[in-house]
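Me: I would like to learn how to read a fold from a structure file. Could you walk me through one?

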Amino acid sequence: MRDWISYWDSDHPIYVNARHFDVHYANIADDIVRLLPGQQARVLDYGCGEALHADRIAANCATLHLCEAAPAVRTRLKERFGRTANIAVTTPEDVAAMEPGSLDLIVANSLIQYLKRDELVKLLKTWRRLLAPGGALVLADVISPKQSAIADALSLLRFAASNGFLTAAFIGLVKTTLSDYRKLRAELGLTTYDEAEMLKLLSEAGYDAARLRPNLGHNQGRMAFRAQKNAAIAN
Ligand SMILES: C[S@@+](CC[C@H](N)C(=O)[O-])C[C@H]1O[C@@H](n2cnc3c(N)ncnc32)[C@H](O)[C@@H]1O
């Protein structure tokens, strides 16, 4: 396995059991619902993963685009949501071809650590073009260089303890440590940003941005940012 998309496309052990899988995506969906500007919102969840509870988001907005690069994940998304009228499962190429100004909210949760910095810069440009006036981009679960794998593991264990899957989480952490994730992390690395660096990158890409608290999901050692198009800068 040579890249992160192939990893996410594979049968990986990141979700330690069905309970973890379910509460993880329920949490993320509920957090995205809280970000919705209203029932009329046109929303994009970029790098959505399995998005198990995306129907909760779709019930509270006009349209929900689920963008995922991993083909097998996309197939499952289509099986899950093919009959939900206002959910569209899309590829990154589909998103790049969308009409300018056609989205009110773009969320990328736990995505940008898997992108090279220049890939993120390119996506920031695409997303900026797609945002309607007043629209917002939320980048969440951003890892700072100071955040350790141990802090991530402890956060998962706390989440597991409060959701009844602590034993499975211990076993899962051991499996992940022995798995391709660990090898890929050593080989490809994860892209990290500190707060000032992320705000600078967003500003250079033509956004007015600020830290958003709390982060989406359970890991409050990671960061979220809310950004809007800086109207003073031409497209
Ligand atoms: C850690 S998972 C996060 C999934 C979900 N957003 C969540 O919060 O649970 C990262 C997801 O991003 C997808 N991904 C990675 N690179 C991508 C890219 N360039 N474009 C779209 N999706 C991508 C992966 O396939 C994977 O499903």
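Predicted model: local features only at pLDDT ≥ 70, side-chain atom pairs only at ≥ 80, totals over all residues.

**Reading the sheet and the ligand shell**

Me: Which way do strand 6 and strand 7 pair, and over how many bridges?

Reply: Strand 7 covers residues 223–229, and its pairing with strand 6 is antiparallel, over six bridges.

Me: In what order do the seven strands of the sheet lie?

Reply: Reading across the open sheet, the order is 3-2-1-4-5-7-6, and the pairing is mixed. Strand 3 (87–90) and strand 6 (207–212) are the edge strands; each has a single partner strand, so one side of each has no neighbour in the sheet. From one strand to the next, the twist averages 20°.

Me: Which strands does helix 4 touch as it packs on the sheet?

Reply: Helix 4 (residues 71–81) touches strand 2 (63–67) and strand 3, and its direction makes about 165° with that of strand 3. Helix 10 (residues 195–204) packs on the sheet too, touching strand 5 (131–142), strand 6 and strand 7. Its direction makes about 155° with that of strand 6.

Me: Now the ligand. Which residues around it come nearest?

Reply: There are 18 residues around the ligand, and Trp8, Gly47, Gly49, Ala69 and Ala70 come nearest. Helix 1 (residues 4–9) gives the most to this shell, with three residues.

Me: How many residues of the shell are nonpolar, polar or charged?

Reply: The shell holds 13 nonpolar residues, four polar ones and one charged.

Notes
Residues numbered from 1 in each chain as written. Pairing = 2+ DSSP bridges. Helix = DSSP H or I, 4+ residues; strand = E, 2+ residues; numbered from the N terminus. Axes fitted to C-alpha atoms, helices over the stretch in contact; angles between N-to-C directions. Contact = placed C-beta atoms within 7 Å. Near = placed C-beta within 6 Å. Nonpolar A, V, L, I, M, F, W, Y, C, P; charged D, E, K, R; others polar.
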